[in-house]
Structure formats: structure tokens, C-alpha cells
Amino acid sequence: MLVLARRTNQKIRIGEDIVITVLSISGDNVRLGIEAPPSVPVFRSEIYEDIQQQNNEALAGPQLSQAFKQLLKDFQAKDNKSDL
Amino acid sequence: MSIANIDTQEPKITSESYYFPNGVPGFENYQNFKLFKEEGLPLAQLICQEEESIGFILIHPEVIYPDYAVDVAEDIQQILGLQHGQAAGVIEVWAILTNHSDVRKITVNLKAPILLNVADKKGVQLIRNDERYLSRQPLPLYKDTREGAEA
């Protein structure tokens with residue numbers, strides 16, 4: 001891992017079009033400004049990892065599980081009720 | 001592939017192909033998905049065309065939160081191939097349901113909705129930086145039974 005020391009308002013450039021600026025430092029809290037092209041998604045790491053994990057847990061192939069069949073039934077039952 | 005087959009009556013199911021330029025988190029290398037919708041239901045199935053075991057059950061988030069709204073930033077517009085200001089009408093918003101053997105414990109991911117450009121058939125999973133929305137939101141459909149308030 002490359003380690004660089006930076007002060008407030010100093011920048012790091014990654015490749016040609018990504019620039020990270022240290023906006024402020026307060027205790028153990030660092031505010032960063034990130035400039036990147038729209039094609040480069042930027043997320044807080046823990047949020048992205050949570051969504052990756054969610055997607056893995058959410059996997060449902062072409063065959064519906066019993067639980068989803070039940071859910072479908074319950075939705076239909078609910079709709080029929082509101083029709084009355 | 002049918003999402004219903006529960007009733008004896010024939011459900012009307014439509015399917016459309018969508019291209020996800022970035023894939024979805026966890027499955028970044030899969031770009032081609034097929035959306036199966038059944039008329040009259042707020043649910044759909046999104047199945048990967050390269051690998052059938054990768055699929056998701058989707059729900060219209062308005063069913064859970066009637067005022068659920070998504071702000072489509074410029075980078076997302078670009079991924080979806082939207083022209084400037086074209087956004088509103090052609091975007092369909094879905095949320096992924098997370099499976100659980102107990103139907104009452106199925107949750108919905110409101111943190112990372114699936115956005116579809118129905119005109120150009122492009123899709124993306126947006127990650128919201130909004131703290132109000134959870135990636136594991138319980139379904140209000142089962143609120144009463146979860147709380148054991150059956151009597």
C-alpha cells in the first residue's frame with residue numbers, strides 16, 4: 001500500500017482524472033473531496049460492501065422459493081381484500 | 001421462469017431485456033438481465049441472462065413507502081443513457097427483496113434501488129447516501145404477524 005502524508009487543502013491525483021482533496025481534519029475525522037469522472041463510481045466502502053452482501057443474500061434463481069410463493073399469495077390476497 | 005403459476009388462471013407475464021453497464025454490486029461482471037413482470041402485481045423477477053442462478057425478486061418501493069423518491073444524479077443519468085432533463089417519465093424504480101425461509105422475515109433493500117430506463121433498456125443499481133433508507137427494511141405486509149398481534 002502506498003502511504004502519503006497530506007495536509008488540509010493538499011491533493012492526491014490518481015491517474016489522469018481522479019483528484020482527492022483533504023478538505024478538513026478534526027480529531028480522527030477527515031473530510032475528503034473527490035473529483036472523478038461519472039464512469040467511476042465512488043462510495044463509502046462499508047456501504048458498498050453491505051450492498052454486495054445484500055445482493056448475495058437476495059439471490060433467487062429462476063425457481064421461486066417457497067417463501068416468495070407465499071409472499072406472492074399474500075399480496076394477491078391483500079389486493080382481493082382491498083377490492084371488496 | 002413464470003413468477004406466478006399459483007392460480008389456475010393464466011397470468012399475463014411480460015419480459016424485457018436490460019443492459020446493466022456496471023453490473024450490480026457483488027456481480028459486477030454480469031451485464032445482461034431479463035425482467036419478468038406479471039400484470040397487476042407490484043413484484044417482478046430480474047434474472048441474469050449469462051447465469052440463470054443470479055436473479056433477484058423485485059418490488060415497487062412505493063408499495064412500502066408511498067413517497068419513496070429517487071434523485072437521479074448526473075452520473076447515474078449517464079449510465080442509464082438519459083438525455084439531460086429526460087429523466088422523469090422513462091425511469092422505473094424497483095427494490096430488491098432479500099429471501100428468508102420465513103416469509104415474515106423477508107426484507108427489502110431501500111438503500112440500493114434498481115433503476116431502469118424503460119426507453120433505452122438500461123439499468124443500474126443506485127447506492128443512496130441517504131441514512132433514512134435501510135438495506136434490510138422489514139415488509140409492512142407482515143407488521144401485525146411479526147408483532148404477534150393476531151388476536
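## Chain B fold

Chain B has three helices and eight strands. The model is a predicted one. Along the sequence of chain B, the elements come in the order β-β-β-β-α-α-β-β-β-β-α.

Of the 151 residues in chain B, 48% are buried. Contacts in chain B between residues at least 6 apart in sequence include 51% that join residues at least 24 apart.

## Interface between chain B and chain A

An interface is often sized by the accessible area that is lost when its parts come together. Between chain B and chain A about 3,600 Å² is buried, and carbon and sulfur atoms account for 64% of that area. Chain B brings 47 residues to the contact and chain A brings 33 residues.

Two salt bridges are counted between chain B and chain A. Arg136(B) makes a salt bridge with Asp50(A), with 3.8 Å between the closest N and O atoms; the cut-off for such a pair is 4 Å. Eight residue pairs are in polar contact across the interface of chain B and chain A, both residues being at pLDDT 80 or more.

On the side of chain B that touches chain A, at least two residues each come from β3 (43-48), β4 (55-59), α1 (74-79), β5 (91-98) and β6 (107-117) of chain B. The most is given by β4(B), with four residues. By residue class, this side of chain B consists of 25 nonpolar, 15 polar and seven charged residues.

## Asn109(B)

Asn109(B) sits in strand β6 of chain B, and β6 (107-117) is among the elements that supply at least two residues to the side of chain B touching chain A. Asn109(B) has a relative accessible area of 1% and is therefore buried, the limit for that class being under 20%.

The side chain of Asn109(B) comes to 3.0 Å from the backbone nitrogen of Ala112(B). Leaving aside residues up to four places away in sequence, Asn109(B) touches Ile51(A) and Gln54(A) in chain A, and Ala95(B), Ile96(B), Gln125(B), Leu134(B) and Ser135(B) in chain B.

## Aromatic pairs

Over all chains, the whole structure holds four aromatic pairs. In one of them, Phe43(A) and Tyr48(A), the ring centres are 5.1 Å apart and the planes stand at 20°, so the pair is stacked; planes under 30 degrees apart fall in that class. Phe43(A) is partly exposed at 33% relative accessible area, and Tyr48(A) is also partly exposed, at 21% relative accessibility.

Tyr68(B) and Tyr133(B) make an edge-to-face pair, with 4.9 Å from centre to centre and 75° between the planes. Tyr68(B) belongs to the loop between β4 and α1 of chain B, and Tyr133(B) to the loop between β7 (122-125) and β8 (137-138) of chain B, so the pair ties together parts 65 residues apart in sequence. Tyr68(B) is buried, with 8% relative accessibility, and Tyr133(B) is buried at 11%.

Methods. Residues numbered from 1 in each chain as written. Chains lettered and ligands numbered in written order. Predicted model: local features only at pLDDT ≥ 70, side-chain atom pairs only at ≥ 80, totals over all residues. Heavy atoms only, no water. Contact = heavy atoms within 4.5 Å. Buried area = accessible area lost by both parts, 1.4 Å probe. Salt bridge = Lys/Arg side-chain N within 4 Å of Asp/Glu carboxyl O. Polar contact = N/O pair within 3.5 Å; in protein donor to acceptor, adjacent residues only side chain to side chain. Nonpolar A, V, L, I, M, F, W, Y, C, P; charged D, E, K, R; others polar. Phe/Tyr/Trp six-rings, centres within 6.5 Å; stacked < 30°, edge-to-face > 60°. Buried < 20%, exposed > 50% of the residue type's maximum accessible area, 1.4 Å probe, protein only.
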